[in-house]
Every structure is written in C-alpha cells, then in structure tokens.
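Dear colleague,

Please find the structure below, handed over for your work.

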Amino acid sequence: MIIHPRGFRGNITTRSERSRHRNKVSNNQKDTTIQDFTLIVAPDAASAPAEERIHQLLVIEGAEQGRVIELTGSSTTLGRVEPSDIVLRDVEISRTHCNIYLDAGALFITDLKSTNGTFVDGRRAALPVKLTDGCEVRIGRHKLKYERRTRREIELSRDFERSLEGASRYVQSMLPQPINSGKVRTEWLLIPCSRLGGDALGYQWIDDDHFSIYLLDVSGHGPEAAMLAVGVMNALRQKALAGADVRDAAQVVNHLNTMFQMEDHSLMYFTLWYGVFRLSTRELNYCSAGQHPAYLKQASATALQPLRIANPAVGVTPAHHYKSASVQVVPDTTLYLFSDGVFEIDTQEGTRWDLEDLLPTLMESPVPGLAEPQRIYQSVQKVARRGPLDDDFSVLVARLI
C-alpha cells in the first residue's frame with residue numbers, strides 16, 4: 001500500500017517531518033493550512049493474474065465491414081460457403097479460401113489454393129505467414145485486421161460498434177423516400193465509404209408549386225462529418241432559416257453559410273448544390289457552393305447541360321455573398337446530382353478518373369428494371385479497382401416530367 005499526500009513535493013520520511021508538513025503555517029497567514037492526504041492502494045502487480053488475450057479479425061473493408069471474428073480454435077478455415085468455419089459472402093473468395101492455425105502460441109495463415117490468393121500486408125502469402133498484431137489480411141474484396149484483445153477490450157469495441165450502427169441508422173432514417181409518381185420523380189443511392197460518411201441529400205415540396213432538391217458533401221468522414229451533415233439536413237427539412245425565402249436558392253445558401261461557419265464546427269466545411277424547381281413556370285433556380293456541376297439531360301439531347309455557378313464552399317468565407325442562376329427546363333428532362341466520390345476513382349488500369357470520364361456514363365440509356373443511380377454505380381464498379389471506393393458514393397436523380 002502506497003500513501004501520497006495531495007500536492008506532495010520532495011521526500012518526507014519521518015513522522016515529525018510529515019507532521020510539520022501538514023501543519024505548516026505561513027508567516028503571512030493567520031490560519032493553519034492542513035495538507036489533505038489522498039489514499040492510493042496499489043495492488044502488487046506480480047500477484048494480479050494477466051487477463052487472457054483473444055485472437056480476432058476485424059473486417060475493415062468489404063460487404064461485412066465492422067464484423068468481428070474471434071479465433072478460438074486451434075484451426076479455422078475462411079471461405080465463401082460452408083463447410084468453411086467462417087463464411088464471408090464475397091464472389092471473389094473461394095469456397096475454402098485460407099486456413100488460420102495456432103503453432104507454439106503463434107498464429108499463422110496459409111492459402112488453400114484459392115483463385116485470387118491471400119495477402120498479408122500487401123504481399124501474397126504463397127507459404128504460411130505468421131500474423132503479427134495489427135497486420136492486415138486481404139481475401140477477395142475483404143480486408144481484415146488481426147488483433148489480440150482482452151474480453152473487456154472486445155466488449156468495449158462492441159459497444160462502440162453498436163453506437164456507430166445506431167448513428168448510421170439515424171442518418172439513414174433522415175433520407176427521403178423515392179418519389180415514383182407525379183411531375184417530379186426521384187431516386188437515389190448513397191453508399192458511405194465508412195460506417196458514417198459526410199455526404200447527404202434530400203428534397204421536398206416547399207408548397208404546391210416549388211420543389212427543393214440538394215446534395216452536400218462535408219469535408220472528412222466519420223462521426224463529426226455525419227453530425228454536421230445531419231445538422232444541415234435538419235435545417236433544410238424544417239426550413240429553419242429565419243428571414244430567408246426558401247424558394248430562393250441563393251438566400252438559402254447564404255443563410256447556411258452564416259449558420260455553419262467552420263470555426264464553429266471543428267474546422268469542417270461542406271460543398272453544396274441546391275436547387276428549387278417551380279412547376280408552373282418550369283424554371284429551375286440553383287446555387288452551387290464549391291461543388292462541381294449538376295447536369296440536365298433532355299430526352300432527345302445528344303449532350304448534357306452543366307449547371308454550376310462559381311461560389312466557395314459553405315463555411316469557409318463568412319462575408320461571401322452567394323449568387324444563383326436560373327434555367328428553363330423542358331418536359332421529360334432528367335437532373336443528375338452526385339458527389340465527387342462518384343468520379344474521383346482509381347481504375348483497374350492504375351489511372352485516375354476525373355469528372356469528364358463519368359459524363360459518357362450519364363449519357364447512356366436507362367436500363368429497364370434497374371434504378372438509374374444503381375446503373376451508374378454498376379458502371380463505375382466495372383471500371384474501379386477492386387474493393388470499396390475511396391470516398392462516399394452519392395447519386396440523386398430527378399425526372400422533371
């Protein structure tokens with residue numbers, strides 16, 4: 001047992017010295033200052049049993065991202081289907097892909113003649129490879145991180161994962177339902193690159209004649225970015241923009257810029273495309289803030305019409321006066337909004353896509369029975385390198401009948 005006085009300085013070894021220290025009286029003070037004692041009981045570290053650490057794999061990329069796989073046996077096989085001990089639904093994983101086994105207290109992984117191979121820290125494991133704490137294993141489109149944790153650490157991690165899952169469900173619940181009939185019809189696809197992304201989208205009827213639509217992209221990812229996106233979505237959904245005419249795109253963005261300055265939001269800002277379609281006049285009023293263009297595609301057109309006006313991102317410049325523009329929309333025109341994660345991709349050939357590379361995909365004809373955002377996603381996936389995309393993938397398509 002170790003006893004230290006609060007505010008202890010120096011070495012006080014005898015009872016008399018401790019007494020003088022406790023009852024020390026300043027020459028300038030009339031009252032006696034009593035030095036309080038804090039009791040700290042330190043158990044003998046040697047006598048405390050060490051908590052057992054468990055081998056586990058954490059899925060950090062792939063369709064089953066977030067899954068925790070405990071390796072409790074002496075030998076575990078991973079594959080696409082049973083009788084593999086651990087099944088990962090991935091067409092690029094073989095039926096029985098690899099085996100993980102214990103040998104003299106160490107964990108090893110060996111490939112089972114899989115079609116696409118097993119990789120440890122980027123190197124193909126042609127022979128058994130010893131797994132070290134923190135190393136990464138890739139099989140198919142899944143990347144797994146090897147860790148050794150105690151039961152308590154695992155439970156804390158699970159609690160955190162449950163919290164993230166709840167936050168993810170909340171963000172998803174705020175996204176609007178597709179509109180399948182009427183003069184304005186919408187469909188969308190939003191795939192975050194992590195559990196919580198920074199993209200958001202939405203639309204609503206302001207009144208019987210005005211329809212608002214937007215897509216935003218917060219700088220960064222994770223809980224902070226998601227919280228900022230939710231704050232913006234709530235402001236737009238509830239029309240909580242005092243003094244602004246929500247039918248005027250520039251007024252809306254100017255008010256958002258006042259509300260969400262980056263100094264007040266962990267130095268985060270966001271890009272935004274916001275538009276209001278007036279049904280009676282078929283005028284689309286829009287404002288882009290640090291965002292690439294949205295595009296209009298007429299039914300019989302041979303080229304896309306870009307919609308963009310130069311403005312900085314929201315939250316960067318406090319005094320900026322955002323401007324809007326307007327365009328007439330002919331019947332049966334499609335409006336495409338999307339985040340930069342749709343076109344800033346690394347291809348299978350090792351090149352980098354840009355916005356111009358995506359535009360031919362937008363010009364392609366719709367596929368019967370397939371939602372237009374899903375068609376675009378499948379086209380991008382055919383070009384992109386294997387594995388999840390590097391950024392949030394968000395596409396919002398509106399048909400202006």
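Two strands are said to pair if DSSP finds at least two bridges between them; helices (H or I, at least four residues) and strands (E, at least two) are DSSP runs, numbered from the N terminus. Please note that this is a predicted model, in which local features need pLDDT of at least 70, side-chain atom pairs count only at pLDDT 80 or more, and totals for chains, interfaces and linings use all residues. Residues are numbered from 1 along each chain as its sequence is written, and side-chain values use heavy atoms, with hydrogens and water left out.

Strand 16 (residues 210–218) and strand 17 (residues 270–278) are joined by nine bridges in the antiparallel sense. Within this pairing, Leu216 has Leu272 of strand 17 as its bridge partner. Both strands belong to an open, antiparallel sheet of five strands, ordered 15-16-17-18-21. Its edges are strand 15 (199–205) and strand 21 (325–328), each of which pairs on one side only.

As to the second largest pocket, about 400 Å³ of space lies in it (a pocket is an open set of points on a 1 Å grid over the protein atoms alone, where a 1.4 Å probe fits, with protein on both sides within 12 Å along at least five of seven lines; lining residues have an atom within 4 Å of a point; the volume is the space filled by probe spheres set on the points, which are joined across faces, edges and corners). Of its 19 lining residues, Asp332, Thr334, Tyr336, Pro366 and Arg399 are the closest to its centre. Strand 14 gives the largest share of this lining, three residues.
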